[in-house]
Amino acid sequence: MSTGEGVIWRGYHHAWRYNHRLNRLGSYLEFDGDDWECVHTAASGTGPDTARFCDLYTKVAGDGVAFQSHTESFEVEGDENVPITVSKSLTSDLESPLENRDTYEVLLNGFDIYAASDADKLQELSLHVDRPTPTDGRTSLDFDASVEFRGDCGTPECREDGVDYTVEMRYLVVGGDADTVRSGPAISAGTDYAWSMSQEPDQKRDGVANATVTDSNRWTGPSVENAVGLTDVDVTLTKTGDPPLIAAAGALADHAEGMHLLEHDVAIESITTRDDRIDVEFLLFYKNWEAGMKRAVPPDFLQRIGEFIPGDTEQAIRDDPSLSWTDVIDASLFAHKSAGEATFDATARLLQFDSPDTFHHNAVPGDIDWEGENADASSSDATHTTLID
């Protein structure tokens, strides 16, 4: 559906109180035919919890520009611990306000990923949209889009083998006249860091990435507003260590390479226009654990290990001279630390608007309470929707 008023997604911040499998996670912008809505989704696996989030966007409206909102579903199915790529060649049939424009771009306008059956632990997630090619006399756009996912779970709360997720990609078509909208160069940024089981990663130290646009052809002046929209997001997570108890359980599984998720941030934090350049600050961050998170686990979920794990795993722990069984009585399987590494890459596109009627950056904070107990992640209880004024 098209509109003369657009909202460009700038990403999200997402954090649980303690860490979980990836049952559902989403942040996106949606046009319902009358209004724009900002939607965040969250569902944990076994343990109940509250997700805190903040979604970021840029709102634009004016003569000489129009927007069209779309959703494309990708079914991700296959083996655990194996990259699964789903690619599509898409055609966007343009509604009349977007036909015959001089400038076109396609941007990611968010995503929603949810488990169709048993939730896994995230190892890799990649979202991508290509630059579009106008076709049929500039009444449609052709472009490619893809999703890549890798997940794994070998700890006791994971009951099924295999990966089965749905990824709903939101994308935004931007069309404008040559004197109103300019599409600038791609902007790339990334982070790459590691953490241990004694030192947790730090958002500011590890997650901030800066990029600079020095495009000599960029528009300047007081009438020009600069927006930045994402086209590619990629995160790869690698586990390098587990506590002895979890390592003992994982050693009996065919594979146990995934890690729980505590915090996940993909955001364009700021866009600063200077005389000779535009500075863009990204936040690209994942966190598996933080000190004190076990205190957030509800007491009735602190279970005696022998009542939860398979008997052969229990015996292996009892037979390990490095482990004291009393150390794991009432320990939480739902909030253990892992050591690991995270690599993020993001690509965005500069869009310049001359004299728009409306232009502002904004954010929507909120929280989602989730019941846990492996409840259906597609439930509306996992969704928080805010009307954008």
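Biologist: Which residue does Asp 177 form a salt bridge with?
Modeller: Asp 177 pairs with Arg 101, and their closest N and O atoms are 3.1 Å apart. The pair links distant parts of the chain, 76 residues apart: Asp 177 sits in the loop between strand 12 and strand 13, and Arg 101 in the loop between strand 7 and strand 8. Keep in mind that this is a predicted model.

Biologist: Is Arg 101 buried or exposed?
Modeller: Arg 101 has 13% relative accessibility, so it counts as buried. Asp 177, at 26%, counts as partly exposed.

Biologist: And how many salt bridges are there?
Modeller: The count comes to 19. Among them is the one between Arg 170 and Glu 30, with the closest N and O atoms 3.0 Å apart. Arg 170 lies in strand 12 and Glu 30 in strand 3, so this pair ties together parts that are 140 residues apart in sequence.

Biologist: Nice. Which residues are linked in a network of salt bridges?
Modeller: Arg 274, Asp 276, Arg 277 and Asp 279.

Biologist: Switching topic: what about Asp 152, how far away is the nearest side chain of opposite charge?
Modeller: That side chain is Lys 239, 6.6 Å away. Asp 152 is buried but has no salt bridge. A polar atom of the Asp 152 side chain does lie 2.5 Å from the backbone nitrogen of Glu 257.

Biologist: Last one: which backbone oxygen lies 3.1 Å from a polar atom of the Arg 349 side chain?
Modeller: The one of Gly 184. Arg 349 is in strand 18, and its 10% relative accessibility is why it counts as buried.

Technical notes
Residues are numbered from 1 along each chain as its sequence is written. This is a predicted model: local features need pLDDT of at least 70, side-chain atom pairs count only at pLDDT 80 or more; totals for chains, interfaces and linings use all residues. Side-chain values use heavy atoms; hydrogens and water are left out. Buried means under 20% relative accessible area, exposed over 50%, partly exposed in between (1.4 Å probe, protein chains only). Lys and Arg count as positive and Asp and Glu as negative; His and the chain ends are not counted. A salt bridge is a side-chain nitrogen of Lys or Arg within 4 Å of a carboxyl oxygen of Asp or Glu. A polar contact is a pair of N or O atoms within 3.5 Å; within protein, one must be able to donate a hydrogen and the other to accept it, and residues adjacent in sequence count only if both atoms are side-chain atoms. Helices (H or I, at least four residues) and strands (E, at least two) are DSSP runs, numbered from the N terminus.
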